[in-house]
Amino acid sequence: MDIRALLCRADRPWPCAEAVAVVGCESGGDPSARNGDHWGLFQIAYRWHRDKLLPVAGSDRPEELLRPEVNIDVAEIIYRDRRWSAWACQPTTSEEQLEAA
């Protein structure tokens, strides 16, 4: 699965390089990354964003956030509301980070 292609689709609201940098920082690009209540590529906090999961995945089970498409779609909802302020990692666009992601 090409994570970069999913992140950088033309209809996404964010700049591609920023999304790649945030995912690289948050999860190292690992869709199965988990840190307590934070799940997947964007390390989405389930307890804070459970309400966004059901319309995207058809289920509100936190494991759904380990599916890259679901995680990215939920992240898009969060981004449209709060831009990058919801994430601990803020985007940078250095070439080294883009190549590492």
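**Figure 1. Helices α3 and α4 lie oblique to each other in this predicted model.** Two packed helices are described by the angle between their axes and the distance between the axes. Helix α3 covers residues 46-57 and helix α4 covers residues 68-82. Their axes come within 9 Å and cross at roughly 125 degrees. The crossing of the two helices is right-handed.

**Figure 2. The contact of α3 with α4 is drawn residue by residue.** On the side of α3, the residues that take part are H49, K52, L53, V56 and A57. On the side of α4, they are V70, D73, V74, I77 and I78. Sorted by class, this contact has seven nonpolar residues, one polar residue and two charged residues.

**Figure 3. The whole protein contains five helices and three strands.** Read from the N terminus on, the order of the elements is α-α-β-β-β-α-α-α. The C-alpha atoms fill a box of roughly 35 × 25 × 25 Å, taken along the principal axes. A compact globule of 101 residues would have a radius of gyration near 13 Å, and the 12 Å of the protein agrees with this. Of the 101 residues, 42% count as buried. Among contacts with a separation of 6 or more, 50% are accounted for by residues 24 or more positions apart.

**Figure 4. E76 is a buried residue of helix α4.** The relative accessibility of E76 is 13%. Buried means under 20%, so E76 belongs to that class. Which residues does E76 contact, leaving aside its neighbours within four places in sequence? The contacts of E76 are D11, R12, P13 and W14.

**Figure 5. C16 is placed in helix α2, which covers residues 16-27.** With a relative accessible area of 25%, C16 is partly exposed. Not counting residues up to four places away in sequence, C16 touches R4 and C8. C16 and A45 are 29 residues apart in sequence, and their C-alpha atoms are 22 Å apart in space.

**Figure 6. Strand β1, residues 34-35, holds N35 and also R34.** Are these residues buried or exposed? N35 is exposed, with a relative accessible area of 53%, and R34 is exposed as well, with 52%. Leaving aside neighbours within four places in sequence, R34 is in contact with W39 and Q43. Distances from C-alpha to C-alpha place the strand within the chain. N35 and A45 are 10 residues apart in sequence and 9.3 Å apart in space. R34 and Y79 are 45 residues apart in sequence and 20 Å apart in space.

**Figure 7. D37 lies in the loop between β1 and β2.** D37 is buried, with a relative accessible area of 19%; the limit for this class is under 20%. Once neighbours within four places in sequence are left aside, the contacts of D37 are I44, A45, Y46 and R47. D37 and P62 are 25 residues apart in sequence, while their C-alpha atoms are 8.7 Å apart in space.

**Figure 8. Q43 has a positive phi although it is not a glycine.** The phi of Q43 is about 50 degrees. Q43 is found in the loop between β2, residues 38-39, and β3, residues 44-45. The relative accessible area of Q43 is 9%, and this residue is buried. R34, in strand β1, is in contact with Q43.

**Figure 9. R83 also has a positive phi without being a glycine.** For R83, phi is about 55 degrees. Where does R83 lie? R83 is in the loop between α4 and α5, the latter covering residues 95-100. R83 is partly exposed, with a relative accessible area of 46%.

Methods:
Residues numbered from 1 in each chain as written. Predicted model: local features only at pLDDT ≥ 70, side-chain atom pairs only at ≥ 80, totals over all residues. Heavy atoms only, no water. Axes fitted to C-alpha atoms, helices over the stretch in contact; angles between N-to-C directions. Helix = DSSP H or I, 4+ residues; strand = E, 2+ residues; numbered from the N terminus. Parallel < 35°, antiparallel > 145°, perpendicular 65-115°, else oblique. Left-handed = near helix turned anticlockwise from the far one by under 90°. Contact = heavy atoms within 4.5 Å. Nonpolar A, V, L, I, M, F, W, Y, C, P; charged D, E, K, R; others polar. Rg over C-alpha atoms; globule rule 2.2 N^0.38 Å. Buried < 20%, exposed > 50% of the residue type's maximum accessible area, 1.4 Å probe, protein only.
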